[in-house]
Amino acid sequence: MRIARHGDLVTIDAPAKLNLFLELLSRRTDGYHELETLMVAVDLCDTLTLRPADHATIELRARWALPRGADVETLGGTIPLGHENLVVRALEALRQSAGITRGADVTLTKHIPAAAGLGGASSDAAAALVAGNLAWNLHWPREKLAALAAELGSDIPFFLGPPVAICRGRGEVIEPLRESLPPLDVVIVRPPEGLSTPAVYRHCQLPERPQSVVPMVEAWRRGDLAALGRALANRLEPAAAQLSPWIERLRRAFDGQGCYGHQMSGSGSSYFGLCRHARHAAQVAARLRAQGLGHVMSTRTIGLESERRGEQAA
Ligand code: C5P
């Protein structure tokens, strides 16, 4: 999360995430699933600005930043502006918990496709909490923001921390990897249809013996990206493939592209390939674009170094 402040205007770049590994451990009595996932932020960002206002409401304006050749439907359709938007819910919750009456004018420029398993709405909500905390001079520590974030959505706390983390519980228990890891060049495809997270979880099957994230983390620490590619795993992918034919189509499209590995991110519907280097990613992206599979993005994982620069700027 890159943060900038000019006077009372706070601007935040809110990154997307990929799940390199996602294993289900058990079904809970509250309807959620215990999981173990390795999440990494990627350099594909929405931009949120927030200015404190004298009126007592949260006024959100939002638009898609349409890249060349993209259509709004493939990115996720109309962006909700009211309470259905997590940004508004997050700021209302923050205002209520902090006991303040001031409102805010918020703009959101979206690059991260929705209903895609890329965490766009969660990242926007995390950015809104950080922006509100700064702009309203609340001085809440990150842990306090994270507790509120966890009430709003399982993936939101991850975006308040470092860019690579193992997440457990229902996703809100974060173990950051605070070390320098080789960046990963990735190609992400958001097919023309999105997927609903609750629907995918309703169709998922628990494994008899859950896999551990440890071999993947060790491979990345060694810099063995081929082993990291082989360790990619997502227990939600079979469920998503039952609901959308695009998952199988994308798997076939990535086969033979020379990636270290490829799989769906989160609860889908987007699918990514782990490329050998930036040039390889550009080539894979060009070939997949030519196949008309949806919206194709070539990007890179975010490291601790750029994250620290972003934090210092705030
Ligand atoms: O927490 P969040 O609102 O993102 O979750 C959306 C839905 O995804 C939940 O209502 C639940 O159906 C499912 N989910 C789950 N287990 C998780 C996370 C989400 O079953 N760990």
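Biologist: Which pocket is the space taken by the ligand?

Modeller: The ligand takes up the space of the largest pocket, with more than half of its atoms within 2 Å of the pocket's grid points as the criterion. A word on the basis: this is a predicted model, in which local features need pLDDT of at least 70 and side-chain atom pairs pLDDT 80 or more, while totals for chains, interfaces and linings use all residues. Residues are numbered from 1 along each chain as its sequence is written, and side-chain values use heavy atoms, without hydrogens and water.

Let's start at the ligand itself. Around it stand Gly-31, Tyr-32, His-33, Leu-35, Gly-153, Ser-154, Arg-170, Thr-197, Pro-198 and Tyr-201, each with a heavy atom within 4 Å. Several of these make polar contacts (N or O atom pairs within 3.5 Å). The side chain of Ser-154 brings a polar atom to 2.5 Å from a ligand oxygen, and an N or O atom in the side chain of His-33 is 2.7 Å from an oxygen of the ligand. Arg-170 takes part through its backbone, where a polar atom is 3.0 Å from a ligand nitrogen. On its own the ligand has 450 Å² of accessible area, and the protein covers 74% of this (Shrake-Rupley method, 1.4 Å probe).

H5 has the largest share, with 3 residues. By class, the shell holds 4 nonpolar, 5 polar and 1 charged residues, with Gly counted as polar and Tyr and Pro as nonpolar.

Now for the wider pocket, an open set of points on a 1 Å grid over the protein atoms alone, with protein on both sides within 12 Å along at least five of seven lines. The largest pocket contains about 1,200 Å³ of space, a volume filled by probe spheres set on the points. Its lining (residues with an atom within 4 Å of a point) has 47 members, and Leu-86, Ala-121, Ser-122, Asp-155 and Thr-197 are the closest to the centre. S3 and H5 each give two or more residues to this lining, as do strand S2 (9-27), helix H2 (86-98), strand S5 (103-110) and helix H3 (120-135). The lining divides into 21 nonpolar, 18 polar and 8 charged residues.

Methods: A polar contact is a pair of N or O atoms within 3.5 Å; within protein, one must be able to donate a hydrogen and the other to accept it, and residues adjacent in sequence count only if both atoms are side-chain atoms. On a 1 Å grid over the protein atoms alone, a cavity is a set of points where a 1.4 Å probe fits but cannot get out, and a pocket is an open set with protein on both sides within 12 Å along at least five of seven lines; lining residues have an atom within 4 Å of a point. Helices (H or I, at least four residues) and strands (E, at least two) are DSSP runs, numbered from the N terminus.
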